[in-house]
Amino acid sequence: MRSFIQRFALMSIFLFSIAAVISCTKKTNTTSGPTGDVIMIGEVGSMTGAEATFGMSTHNGIMLAVEEINASGGVKGKKLKVVSLDDQGKPEEAATAVTKLITQDKVIAILGEVASTRSLAMAPIAQQYKIPMITPSSTNPKVTEIGDYIFRVCFIDPFQGLVMSRFATETLKIKKVAILRDVKNDYSVGLASVFTEAFTKAGGTIIDDKSYSAGDIDFKSQLTSIRSKNPEAIFVPGYYTEVGLIARQTRELGITVPLMGGDGWDSPKLKEIGGDAMNGSYFSNHYSAEDKSPNVQKFINDYKKAHKEVPDGLAAMGYDAAKVLADAMGRAPDLSSAAIRKAIAETKDYQGVTGTITIDEKRNATKSAVVLGIDAGQFKYKETIKP
Ligand code: PHE
């Protein structure tokens, strides 16, 4: 039989442990977790590096949305708090960042990345921990195929490829196109392929198909080959830094035909890097700042007030991704991963600044795309193409 002293000691240890557990739980509760006072959300983006405008614009869009949500009371009476990490445009950094956000910062949802290659590095980790992830703007189909916790609020590249193929055949009325793709970029490779398929189906011919790697600065040998085939346009589904350089070198080689591309062109830096060489070219995008809808104009004005510039498509997509997430959290019966996941999947007819967002059974959004032309250094709205 235990002595009174022994029993007293055991009891005290027991009570002490309970108190310790309670105080720990309480501590976590006040900062994060599904039952905390604050809702912790993680963001991963390229805030620095050759794609810095993608990360920064997206971040600004997300923060504008979060400020608005918090100002109107937050979600389920709790304020949203965003922990943002810079991946410097590197897939391995994006993977490390998402792991840290989930395991150390205990975020209950992730926003990001922009680039498909980096979303592909992040998604398996979010899926493994069952933390819902919404990419604002990664368009490669493989991203959401990773699993049922991975969503996007943008269209996918098979549609974007079709949009530019239609624009080439029906609006520009051309039949011979050359391609210059970035082989280090899943988005670029995928978009080049779907464009090829759509354009060939529509009766066009891809007369040359050349490649480069992100970070290259000299594209003259590929462009010389392309020039010898006399294309009527060159499709360059890359990101703005290389596209700007490619445009300059294209004109230096005396090639005057339009360049065409996808959403990866969307950056204020494109005009800086490419200069006048960008004029007369076209790309598909998620949004046009010329859209006169009142909700779009309100977003543009609010963004301008905060950042003294017109928001690009990335900012608009970041804003919509954060709002869709908050809307889903508001509808979810509780803030468990499974409940948030289900509510995001059930998003229907959400009126975003980049269009109406309905999440389909593959966790993608079916939306219209716009084609923008570049004229005197300005992005000019050309047409809207519906899915
Ligand atoms: N869609 C691109 C990708 O998947 C990323 C991007 C979106 C870039 C929008 C610019 C604007 O990699």
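The shell around the ligand is made up of six nonpolar residues, six polar ones and one charged. Here Ala, Val, Leu, Ile, Met, Phe, Trp, Tyr, Cys and Pro count as nonpolar, Asp, Glu, Lys and Arg as charged, and the others, Gly among them, as polar. Keep in mind that this is a predicted model, where local features need pLDDT of at least 70, side-chain atom pairs count only at pLDDT 80 or more, and totals for chains, interfaces and linings use all residues. Residues are numbered from 1 along each chain as its sequence is written, and side-chain values use heavy atoms, with hydrogens and water left out.

**Around the ligand**
- Of the 13 residues around the ligand, the nearest are Ser116, Ser137, Thr139, Tyr239 and Asp263 (a residue counts as near if one of its heavy atoms lies within 4 Å).
- Ser116 puts a polar side-chain atom 2.5 Å from a ligand oxygen atom, and Tyr239 has a side-chain N or O atom 2.5 Å from an oxygen atom of the ligand.
- Ser137 uses its backbone instead: an N or O atom there lies 3.0 Å from a ligand nitrogen atom.
- On its own the ligand exposes 320 Å², and the protein buries 100% of that (accessible areas by the Shrake-Rupley method with a 1.4 Å probe).

**The two domains**
- The domain assignment gives domain 1 (38-155 + 292-368) and domain 2 (158-285), with bounds from an automatic or database assignment.
- The C-alpha centres of domain 1 and domain 2 lie 28 Å apart.
- Their contact takes 20 residues from domain 1 and 18 residues from domain 2 (contact means heavy atoms within 4.5 Å).
- Each of the two domains gives at least three residues to the shell around the ligand.

Methods. A polar contact is a pair of N or O atoms within 3.5 Å; within protein, one must be able to donate a hydrogen and the other to accept it, and residues adjacent in sequence count only if both atoms are side-chain atoms.
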